[in-house]
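Please read it alongside the sequence and the structure.

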Amino acid sequence: MSLPEVVSREQWRAAREELLVKEKAVTRARDALNAERRRLPMVEVGEEYVFEGGDGKATLLDLFEERLQLVVYHFMFAPEWDAGCRSCSGFLDQIGHLAHLKARGTTLVAVSRAPYTKILPFKARMGWTVPWYSSYGSDFNHDFEVTLEHEGELLERPGVSCFLRDRDRVFHTYSTYERGLDGLGSTTGFLDLTALGRQEEWEEPKGRASALGAPAGSEGIRYHDEYDD
(Lines give C-alpha, C1' and ligand atoms only; values in the text may rest on other atoms or scores of the structure.)
Protein backbone atom coordinates (compact mmCIF):
# COMPACT_ATOMS: atom_id res chain seq x y z
CA MET A 1 0.00 0.00 0.00
CA SER A 2 1.29 3.44 -0.95
CA LEU A 3 0.83 5.83 1.99
CA PRO A 4 1.34 9.61 2.26
CA GLU A 5 4.76 10.94 3.20
CA VAL A 6 5.38 11.49 6.93
CA VAL A 7 6.36 15.10 7.69
CA SER A 8 6.43 17.55 10.59
CA ARG A 9 3.34 19.51 11.65
CA GLU A 10 4.85 22.69 10.15
CA GLN A 11 5.46 20.99 6.79
CA TRP A 12 1.93 19.59 6.80
CA ARG A 13 0.48 23.04 7.54
CA ALA A 14 2.41 24.61 4.64
CA ALA A 15 1.27 21.90 2.24
CA ARG A 16 -2.30 22.18 3.51
CA GLU A 17 -2.41 25.94 2.96
CA GLU A 18 -1.04 25.51 -0.55
CA LEU A 19 -3.80 23.01 -1.34
CA LEU A 20 -6.43 25.29 0.25
CA VAL A 21 -5.75 27.94 -2.40
CA LYS A 22 -6.63 25.39 -5.09
CA GLU A 23 -9.70 24.18 -3.15
CA LYS A 24 -11.06 27.73 -2.91
CA ALA A 25 -10.51 28.19 -6.64
CA VAL A 26 -12.54 25.03 -7.30
CA THR A 27 -15.33 26.30 -5.02
CA ARG A 28 -15.51 29.61 -6.91
CA ALA A 29 -15.46 27.76 -10.25
CA ARG A 30 -18.26 25.46 -9.03
CA ASP A 31 -20.37 28.46 -7.98
CA ALA A 32 -19.90 29.97 -11.45
CA LEU A 33 -20.79 26.68 -13.12
CA ASN A 34 -23.93 26.32 -10.99
CA ALA A 35 -24.98 29.86 -11.96
CA GLU A 36 -24.47 29.02 -15.62
CA ARG A 37 -26.57 25.89 -15.15
CA ARG A 38 -29.38 27.98 -13.64
CA ARG A 39 -29.27 30.20 -16.72
CA LEU A 40 -29.98 27.28 -19.04
CA PRO A 41 -33.23 27.59 -20.99
CA MET A 42 -36.02 25.11 -20.29
CA VAL A 43 -38.39 23.11 -22.48
CA GLU A 44 -42.03 22.36 -21.78
CA VAL A 45 -42.91 18.69 -21.33
CA GLY A 46 -45.96 18.00 -23.45
CA GLU A 47 -45.98 14.21 -23.26
CA GLU A 48 -48.62 12.72 -20.96
CA TYR A 49 -46.48 10.20 -19.07
CA VAL A 50 -48.22 7.77 -16.75
CA PHE A 51 -46.37 6.32 -13.74
CA GLU A 52 -47.37 3.86 -11.05
CA GLY A 53 -46.54 4.38 -7.39
CA GLY A 54 -47.79 3.63 -3.92
CA ASP A 55 -51.03 5.53 -4.54
CA GLY A 56 -51.69 4.06 -7.98
CA LYS A 57 -51.42 5.88 -11.30
CA ALA A 58 -49.72 9.27 -11.41
CA THR A 59 -48.76 11.92 -13.95
CA LEU A 60 -45.47 13.80 -14.06
CA LEU A 61 -47.26 16.75 -12.48
CA ASP A 62 -48.44 14.49 -9.64
CA LEU A 63 -44.82 13.57 -8.86
CA PHE A 64 -44.16 17.19 -7.79
CA GLU A 65 -46.51 16.73 -4.81
CA GLU A 66 -47.59 20.36 -5.43
CA ARG A 67 -44.04 21.71 -4.95
CA LEU A 68 -42.26 23.95 -7.48
CA GLN A 69 -39.43 21.62 -8.41
CA LEU A 70 -38.96 17.92 -9.05
CA VAL A 71 -35.70 15.97 -9.08
CA VAL A 72 -35.93 12.50 -10.63
CA TYR A 73 -33.25 9.92 -9.95
CA HIS A 74 -33.26 7.48 -12.86
CA PHE A 75 -32.70 4.21 -10.99
CA MET A 76 -31.53 1.36 -13.25
CA PHE A 77 -34.07 -1.45 -12.91
CA ALA A 78 -35.11 -3.07 -16.20
CA PRO A 79 -38.40 -5.01 -16.39
CA GLU A 80 -36.64 -8.36 -16.80
CA TRP A 81 -34.34 -7.88 -13.78
CA ASP A 82 -35.11 -9.50 -10.42
CA ALA A 83 -33.53 -6.67 -8.39
CA GLY A 84 -32.39 -3.09 -8.82
CA CYS A 85 -28.89 -2.05 -9.86
CA ARG A 86 -26.29 -2.39 -7.09
CA SER A 87 -24.56 0.93 -7.81
CA CYS A 88 -27.92 2.74 -7.96
CA SER A 89 -28.79 1.09 -4.65
CA GLY A 90 -25.59 2.45 -3.15
CA PHE A 91 -26.54 5.90 -4.42
CA LEU A 92 -30.02 5.74 -2.87
CA ASP A 93 -28.58 4.45 0.42
CA GLN A 94 -26.84 7.80 0.95
CA ILE A 95 -29.97 9.95 0.60
CA GLY A 96 -30.79 11.62 3.91
CA HIS A 97 -34.01 13.09 5.24
CA LEU A 98 -36.05 14.75 2.48
CA ALA A 99 -37.52 17.50 4.68
CA HIS A 100 -34.70 19.91 3.82
CA LEU A 101 -35.35 19.56 0.10
CA LYS A 102 -39.09 19.88 0.60
CA ALA A 103 -38.57 23.10 2.58
CA ARG A 104 -36.96 24.51 -0.57
CA GLY A 105 -40.00 23.52 -2.63
CA THR A 106 -38.26 20.51 -4.16
CA THR A 107 -39.46 16.91 -4.36
CA LEU A 108 -37.04 14.02 -4.93
CA VAL A 109 -38.27 10.72 -6.40
CA ALA A 110 -36.79 7.64 -8.04
CA VAL A 111 -38.15 6.30 -11.34
CA SER A 112 -37.41 2.92 -12.93
CA ARG A 113 -38.64 1.04 -15.98
CA ALA A 114 -39.45 -2.11 -13.98
CA PRO A 115 -43.12 -2.77 -13.10
CA TYR A 116 -44.15 -1.48 -9.69
CA THR A 117 -44.84 -5.06 -8.57
CA LYS A 118 -41.06 -5.62 -8.78
CA ILE A 119 -40.07 -2.26 -7.34
CA LEU A 120 -42.24 -2.53 -4.21
CA PRO A 121 -40.67 -5.68 -2.64
CA PHE A 122 -37.16 -4.51 -3.48
CA LYS A 123 -37.82 -1.09 -1.93
CA ALA A 124 -39.15 -2.81 1.20
CA ARG A 125 -36.06 -5.03 1.36
CA MET A 126 -33.78 -1.96 1.16
CA GLY A 127 -35.85 -0.01 3.70
CA TRP A 128 -36.01 3.16 1.59
CA THR A 129 -38.60 5.91 2.09
CA VAL A 130 -37.79 7.91 -1.08
CA PRO A 131 -40.91 7.88 -3.31
CA TRP A 132 -40.31 5.41 -6.16
CA TYR A 133 -42.37 5.17 -9.32
CA SER A 134 -42.52 2.78 -12.26
CA SER A 135 -42.43 4.21 -15.80
CA TYR A 136 -43.21 0.77 -17.25
CA GLY A 137 -45.06 1.03 -20.56
CA SER A 138 -44.24 4.71 -21.14
CA ASP A 139 -41.50 6.44 -23.16
CA PHE A 140 -40.22 8.39 -20.15
CA ASN A 141 -36.90 6.54 -19.82
CA HIS A 142 -36.27 6.69 -23.58
CA ASP A 143 -37.19 10.38 -23.87
CA PHE A 144 -34.86 11.34 -21.02
CA GLU A 145 -32.06 9.18 -22.40
CA VAL A 146 -31.57 6.68 -19.59
CA THR A 147 -32.78 3.69 -21.60
CA LEU A 148 -30.78 3.53 -24.82
CA GLU A 149 -30.92 1.17 -27.77
CA HIS A 150 -27.60 -0.26 -28.94
CA GLU A 151 -27.34 -2.96 -31.62
CA GLY A 152 -30.88 -4.12 -30.93
CA GLU A 153 -30.43 -4.20 -27.14
CA LEU A 154 -31.90 -1.88 -24.54
CA LEU A 155 -29.26 -0.55 -22.15
CA GLU A 156 -29.85 1.28 -18.87
CA ARG A 157 -27.76 4.10 -17.42
CA PRO A 158 -28.18 6.14 -14.23
CA GLY A 159 -29.08 9.80 -14.34
CA VAL A 160 -30.81 12.73 -12.73
CA SER A 161 -33.40 14.97 -14.40
CA CYS A 162 -34.75 18.22 -12.98
CA PHE A 163 -38.15 19.78 -13.65
CA LEU A 164 -39.83 23.08 -12.79
CA ARG A 165 -43.57 23.63 -12.45
CA ASP A 166 -45.49 26.78 -13.39
CA ARG A 167 -49.03 26.03 -12.23
CA ASP A 168 -50.02 23.01 -14.34
CA ARG A 169 -47.22 23.38 -16.89
CA VAL A 170 -44.11 21.25 -16.43
CA PHE A 171 -40.69 22.19 -17.79
CA HIS A 172 -37.50 20.15 -18.12
CA THR A 173 -34.53 22.24 -16.94
CA TYR A 174 -31.55 19.86 -16.64
CA SER A 175 -30.29 16.27 -16.89
CA THR A 176 -26.97 14.61 -16.16
CA TYR A 177 -25.78 11.01 -16.37
CA GLU A 178 -23.20 8.55 -15.06
CA ARG A 179 -20.11 10.49 -13.86
CA GLY A 180 -22.27 13.60 -13.66
CA LEU A 181 -23.73 12.04 -10.50
CA ASP A 182 -20.37 11.95 -8.72
CA GLY A 183 -20.57 13.80 -5.42
CA LEU A 184 -24.38 13.94 -5.37
CA GLY A 185 -26.43 12.84 -2.37
CA SER A 186 -26.64 15.97 -0.21
CA THR A 187 -29.46 18.51 -0.14
CA THR A 188 -27.24 21.27 -1.55
CA GLY A 189 -25.87 18.92 -4.20
CA PHE A 190 -29.33 18.25 -5.59
CA LEU A 191 -30.43 21.89 -5.30
CA ASP A 192 -27.36 22.99 -7.27
CA LEU A 193 -28.72 21.06 -10.26
CA THR A 194 -32.08 22.85 -10.22
CA ALA A 195 -33.26 26.06 -11.84
CA LEU A 196 -33.94 27.72 -8.47
CA GLY A 197 -30.72 26.47 -6.86
CA ARG A 198 -30.24 26.80 -3.10
CA GLN A 199 -32.35 29.99 -3.15
CA GLU A 200 -29.59 31.93 -1.40
CA GLU A 201 -29.30 35.71 -1.77
CA TRP A 202 -25.71 35.48 -3.05
CA GLU A 203 -26.59 33.16 -5.94
CA GLU A 204 -26.78 34.28 -9.56
CA PRO A 205 -29.00 35.01 -11.37
CA LYS A 206 -30.73 37.23 -8.84
CA GLY A 207 -34.40 37.02 -8.00
CA ARG A 208 -34.78 33.30 -7.34
CA ALA A 209 -34.05 33.31 -3.62
CA SER A 210 -37.52 34.68 -2.96
CA ALA A 211 -39.32 31.99 -4.97
CA LEU A 212 -40.75 30.42 -1.83
CA GLY A 213 -40.64 33.40 0.49
CA ALA A 214 -38.59 31.28 2.91
CA PRO A 215 -35.52 32.49 4.82
CA ALA A 216 -32.36 31.79 2.84
CA GLY A 217 -29.14 30.24 4.08
CA SER A 218 -28.64 28.99 7.62
CA GLU A 219 -31.60 31.06 8.83
CA GLY A 220 -33.93 28.78 6.88
CA ILE A 221 -32.54 25.48 8.17
CA ARG A 222 -34.61 23.70 10.82
CA TYR A 223 -34.55 20.34 12.52
CA HIS A 224 -36.25 18.06 10.03
CA ASP A 225 -39.29 17.64 12.29
CA GLU A 226 -39.80 21.42 12.63
CA TYR A 227 -40.64 22.30 9.04
CA ASP A 228 -44.19 23.22 8.16
CA ASP A 229 -44.66 21.27 4.93
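F77 is buried, with a relative accessible area of 0%, where buried means under 20% relative accessible area, exposed over 50% and partly exposed in between (1.4 Å probe, protein chains only). F122 likewise counts as buried, at 7% relative accessibility. This is a predicted model, in which local features need pLDDT of at least 70 and side-chain atom pairs count only at pLDDT 80 or more, while totals for chains, interfaces and linings use all residues. Residues are numbered from 1 along each chain as its sequence is written, and side-chain values use heavy atoms, with hydrogens and water left out.

**Aromatic pairs**

The structure holds 17 aromatic pairs, a pair being two rings of Phe, Tyr or Trp (its six-membered ring) with centres within 6.5 Å, counted as stacked if the planes are under 30 degrees apart, edge-to-face if over 60 and tilted for the rest. Two of these pairs are set out below.

| Pair | Centre distance | Plane angle | Class |
|---|---|---|---|
| F77 and F122 | 5.9 Å | 75 degrees | edge-to-face |
| F144 and F163 | 5.3 Å | 75 degrees | edge-to-face |

Because F77 lies in the loop between β4 and α3 and F122 in helix α5, their pair ties together parts that are 45 residues apart in sequence; helices (H or I, at least four residues) and strands (E, at least two) are DSSP runs, numbered from the N terminus. F144, in the loop between α6 (140–143) and β7 (147–150), and F163, in strand β9, tie together parts that are 19 residues apart in sequence, and both F144 and F163 are buried. F77 and F122 also belong to one aromatic cluster, formed together with Y73, F75, F91, W128, W132 and F190.

**Nonpolar cores**

The largest nonpolar core has 29 residues, of which Y73, F75, I95, W132, V160 and F190 touch the most other members; such a core is a set of buried Ala, Val, Leu, Ile, Met, Phe, Trp, Tyr and Cys residues joined through side-chain atoms within 4.5 Å. Among the elements that give two or more residues to this core are β4 (69–74), α3 (86–93), β5 (106–112) and α5 (116–126). A second, separate core of 16 residues includes F51, V72, F163 and V170.

**Helix α5**

Within α5, the residues Y116, I119, F122 and K123 are buried. They cover an arc of only 130 degrees around the axis, which puts them on the same side of α5, the arc being that of the directions from the helix axis to the C-beta atoms. The buried residues of α5 are covered by elements including β2 (50–53), α3, β5 and β6 (132–134), with contact meaning heavy atoms within 4.5 Å. Exposed residues T117, A124 and R125 are carried on the face of α5 turned away from its buried side. After α5 comes G127, whose phi is positive, near 75 degrees.

**Backbone details**

Strands β7 and β8 (residues 153–156) pair in the antiparallel sense over 4 bridges, pairing requiring at least two DSSP bridges between two strands. In their hairpin, which has 2 residues between the strands, E151 takes a positive phi near 50 degrees. E145, in the loop between α6 and β7, has a positive phi near 60 degrees although it is a residue other than glycine, and at 42% relative accessibility E145 counts as partly exposed. In the segment after α7 lies P205, which is joined to E204 by a cis peptide bond with omega about -5 degrees.
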